[in-house]
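Please read these notes beside the model.

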Amino acid sequence: MTSIKNFIPAFKLFLFGLAGLIITSSSFAQTTGTAITLGGKTIHTVGKLPAVGTPIKEFTLTGIDLKDNTLADYKGKYVIMNIFPSVNTGVCSKSVRKFNEDAAGLKNTTVLCISKDLPFAQKAFCGAEGIKNVVMLSDFRTDFGNSYGVQIADGPMKGLLSRAVIVVNPEGKIVYEQQVPEIGQEPDYAAALAVIK
């Protein structure tokens, strides 16, 4: 009986501390991340996209063959990074189809379609849709979302990647970036492609 009486205050203190940690982490995302919307409701990313003119950060992502893909694999090319929550949603799959279509006519350019989807789901999507001109990559076992500031910090899609586009030139510098302001909105394809053409 004595041990239960001693346990209750300690448990209350633990719960109070946990609540404070949750509030603090949410507040941190609101002050350091980017405010975007999901169906008109404000959510946040864990950070901000890397700025135009800065060198692209190293990354390791998983291909549909379960092998690691790194930045070095695309050295000397333009790289379009099409980042999105899940290939199993309408706008995300549309962006993959659109970049797949546009990539066919681009020289010295690779389009990377990046999400938290498992490589098996990405492979099934590409097979069903006839997607052959883009590289599907998964962030399911890396820290890409945090490193690039695109992981969603709160709301129902917490943990997934936001919708964003980054274009890197053959020298490894960022020449274009767009954090799409509303998850349900398509990226600005023309603006992303204009820096390459």
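Where does Ala72 lie?

1. Ala72 sits in the loop between strand 4 and strand 5. Helices and strands here are DSSP runs, numbered from the N terminus (helices H or I, at least four residues; strands E, at least two). Ala72 is exposed, at 54% relative accessibility. The cut-offs are: buried under 20% relative accessible area, exposed over 50%, partly exposed in between (1.4 Å probe, protein chains only). Ala72 and Gly172 are 100 residues apart along the chain, and their C-alpha atoms are separated by 9.8 Å.

2. A word on the basis. This is a predicted model, in which local features need pLDDT of at least 70 and side-chain atom pairs count only at pLDDT 80 or more, while totals for chains, interfaces and linings use all residues. Residues are numbered from 1 along each chain as its sequence is written, and side-chain values use heavy atoms, with hydrogens and water left out.

3. The overall count is five helices and nine strands. Along the sequence the pattern reads α-β-β-β-β-β-α-β-α-β-α-β-β-α. The protein has 197 residues, of which 44% count as buried. Take contacts between residues at least 6 apart in sequence: 65% of them join residues at least 24 apart. Contact means heavy atoms within 4.5 Å.

4. Seven strands form an open sheet with mixed pairing, in the order 4-3-7-6-5-8-9. Strands pair if DSSP finds at least two bridges between them. Strand 4 (68-70) and strand 9 (174-179) are the edges, each pairing on one side only. Neighbouring strands are turned against each other by 30° on average, direction ignored.

5. Strand 5 (residues 78-83) runs antiparallel to strand 8 (residues 164-168), with five bridges joining them. Asn82 stands opposite Val165 of strand 8. Strand 5 runs parallel to strand 6, joined by six bridges. There, Ile80 has Val111 as its bridge partner.

6. Two helices pack on the sheet. Helix 2 (residues 90-103) touches strand 5, strand 6 (109-115), strand 7 (135-138) and strand 8, and its direction makes about 165° with that of strand 5. Helix 3 (residues 119-129) touches strand 3 (60-63), strand 6 and strand 7, at about 160° to the direction of strand 7. Axes are lines fitted to C-alpha atoms, for helices over the stretch in contact, and angles run from 0 to 180 degrees between N-to-C directions.

7. How many residues of strand 6 are buried? Seven of its seven. On one side these are Thr109, Val111, Cys113 and Ser115, and on the other Thr110, Leu112 and Ile114.

8. Ser95 belongs to helix 2. Is Ser95 buried or exposed? Its relative accessibility is 0%, so Ser95 counts as buried. Leaving out residues up to four places away in sequence, Ser95 touches Asn82, Phe84, Arg163, Pro187 and Tyr189.

9. Leu118 is in the loop between strand 6 and helix 3. Leu118 is partly exposed, with a relative accessible area of 43%. Beyond residues up to four places away in sequence, Leu118 touches Ser138 and Phe140. Leu118 and Thr62 are 56 residues apart in sequence, yet 8.9 Å apart in space, C-alpha to C-alpha.

10. Two non-glycine residues deserve a look at phi. Leu66, in the loop between strand 3 and strand 4, has a positive phi near 70°. Asn108, in the loop between helix 2 and strand 6, has a positive phi near 50°. Leu66 is partly exposed at 38% relative accessible area. Asn108 is partly exposed at 43% relative accessibility.

11. Strand 1 (residues 35-38) and strand 2 (residues 41-44) pair in the antiparallel sense over four bridges. Ala35 stands opposite His44. The two strands form a hairpin with two residues between them, and Gly39 in the turn has a positive phi of about 60°.

12. Last, the lining of the largest pocket. Of its 15 residues, Ile56, Leu71, Lys75, Gly76 and Gly172 lie nearest the centre. A pocket is an open set of points on a 1 Å grid over the protein atoms alone, where a 1.4 Å probe fits, with protein on both sides within 12 Å along at least five of seven lines; lining residues have an atom within 4 Å of a point.
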